[in-house]
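Biologist: Could you walk me through this one slowly? I would like to know where the labels come from, too.

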Amino acid sequence: MRRLALGLALIPVPGLAQAHAFQTGADSYALFLQGIGAPWLMLPVALLLIGTGLFLGIWRTEAMLAFWPVQIVVLALVLGLGVFVPGVPDLALVVAALAIGGLGILALPLPRAAALGLGALALLLAGRYLLEDHAFGELPLPFMVGMAAGAASLVALPAGLVQATRERIGHPAVLIGWRALSSWVGAAAILMIAFALRPGV
Amino acid sequence: MRFPGLSLALTVLLVSTLPALAHTGEGLTGGFLSGVTHPLFGPDHVVAMIAVGLWGAILGAPALWVLPLVFPLVMAFGGALGVLGIPVPSVEIGIAASGLVLGLLVALWVRAPIWIAAVIVGVFAIFHGHAHGTELPDAANPFAYAIGFVLATGALHMVGIALGALHKVPKGDYAIRAAGVVIALAGGAYLTGLA
């Protein structure tokens, strides 16, 4: 009976499961994963980049083909050297998200250079914001690579979804639906701007 | 004691419990959930937002998509006014009137020009947004709150649009008109203080 009691007593007092508790700096892969999560969890960044992806997908179905090289260069540049330029406040990102959401709603037939340039500008802002106040070389390389992958995925996923649905379904309502979603990015950005400007915050 | 082992195990169970932290409302998840639930817990808001979707479905394309596009955007603007403490007159009357007017527009199958529909919906959206803005809880993460709030609002419009698809089935128009009557009655009840 005593053994049974001890056995039962052991069951409810386990320690915390550590199988998936990534220790900061434990290994490169953990850092890479943490880096991917950073842009997804920084909501002003996520909103801006999702809005950018929608904007690009609405602009042209094959937009990401043209934007991938731009995206890689811009992310390498801003994550590598961004610490040497002044930081970006929350407000700048959400204002940019509002602007890019507005462009997504309007679906203007912009010239290629303008559309890709706007996408690059959004990535520059987001990349600089992601670096926060860190000094040059302070963030480990796997973490930086993860951040670049996370930021790129935030643009590529919505753009890819827009492209896939436009090509496979083809109905004009699909594009209007994505434009409506773009307006939701703008709506969320308007509220975020109010929160950022709220007295006492 | 007849069951010492069982007693010991139960005692250990009791002392080894941890506080439940699932709904503390903190962080990204808490802020997001708070934003999602806020528009859903006000029946006067819910009926108006569904009415917008229904009316869009009655008007057909492009209003079907334009109205749900206008409403969250203008509502966010109204919400921003509320967050910043900028007053808007007669907000509660405006919200109640929105249910009555939009319900009647649906019940009477009014096919207004797109720009008139957008203006009507936009004006009411400011009242709804302002009310939400001034009643905002101190969400742990206001940015997550904003995203949840807009998604829930848009989802309610989608419910209205989905219900509006009933007009494609036989006698579905009657169901839509009946929904309009219910919404108008609810709006009238809010307006006269009966609800």
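The conversation below takes up a few labels and sets each one beside its definition.

Modeller: This is a predicted model, where local features need pLDDT of at least 70, side-chain atom pairs count only at pLDDT 80 or more, and totals for chains, interfaces and linings use all residues. Residues are numbered from 1 along each chain as its sequence is written, chains are lettered from A and ligands numbered from 1 in the order in which they are written, and side-chain values use heavy atoms, with hydrogens and water left out.

Biologist: Good to know! How many helices and strands does chain A have?

Modeller: Chain A has eight helices and zero strands. Helices (H or I, at least four residues) and strands (E, at least two) are DSSP runs, numbered from the N terminus. Along the sequence, the pattern of chain A reads α-α-α-α-α-α-α-α.

Biologist: How do you know that the span of helix α3 of chain A agrees with what it should be?

Modeller: The expected span of a helix is 1.5 Å times one less than its number of residues. For the 17 residues of α3 (residues 43-59) in chain A, that gives 24 Å, and the end C-alpha atoms are 24 Å apart, so the two agree.

Biologist: What makes α3(A) largely enclosed by the rest of the structure?

Modeller: Start with the word "buried": it means under 20% relative accessible area, while exposed means over 50% and partly exposed lies in between (1.4 Å probe, protein chains only). In α3(A), 16 of the 17 residues are buried, so this helix is largely enclosed. α4(B) is mostly covered too, with 17 of its 21 residues buried. For chain A as a whole, 44% of the 201 residues are buried.

Biologist: Why does B:Ile86 count as partly exposed?

Modeller: Its relative accessibility is 39%, so B:Ile86 counts as partly exposed. This residue sits in the loop between α4 (63-83) and α5 (91-107) of chain B.

Biologist: Are B:Trp109 and B:Lys171 buried or exposed?

Modeller: B:Trp109 has 17% relative accessibility, so this residue counts as buried. B:Lys171 has a relative accessible area of 68%, so that one is exposed. B:Trp109 is in the loop between α5 and α6 (114-134) of chain B, and B:Lys171 is in the loop between α7 and α8 (172-192) of chain B. Neither is glycine, but phi is positive in both: near 55° for B:Trp109 and near 60° for B:Lys171.

Biologist: Let's turn to the rings. How many aromatic pairs are there over all chains?

Modeller: Rings of Phe, Tyr and Trp (its six-membered ring) pair if their centres lie within 6.5 Å; planes under 30 degrees apart count as stacked, over 60 as edge-to-face and the rest as tilted. By this rule there are four aromatic pairs over all chains.

Biologist: What makes the pair of A:Phe84 and A:Phe136 tilted?

Modeller: The centres of A:Phe84 and A:Phe136 are 5.2 Å apart, and there are 35° between the planes, which makes the pair tilted. A:Phe84 is in the loop between α4 (63-81) and α5 (90-106) of chain A, and A:Phe136 is in the loop between α6 (112-131) and α7 (141-168), so the pair links parts of the chain 52 residues apart. Both A:Phe84 and A:Phe136 are exposed.

Biologist: Why is the pair of B:Tyr145 and B:Phe149 called stacked?

Modeller: Here it is 6.0 Å centre to centre with 20° between the planes, and that makes the B:Tyr145 and B:Phe149 pair stacked. The two residues are four apart in helix α7 (residues 142-164) of chain B, so about one helical turn separates them. B:Tyr145 is buried at 1% relative accessibility, and B:Phe149 is buried at 3%. Together with A:Phe195, they form one aromatic cluster.
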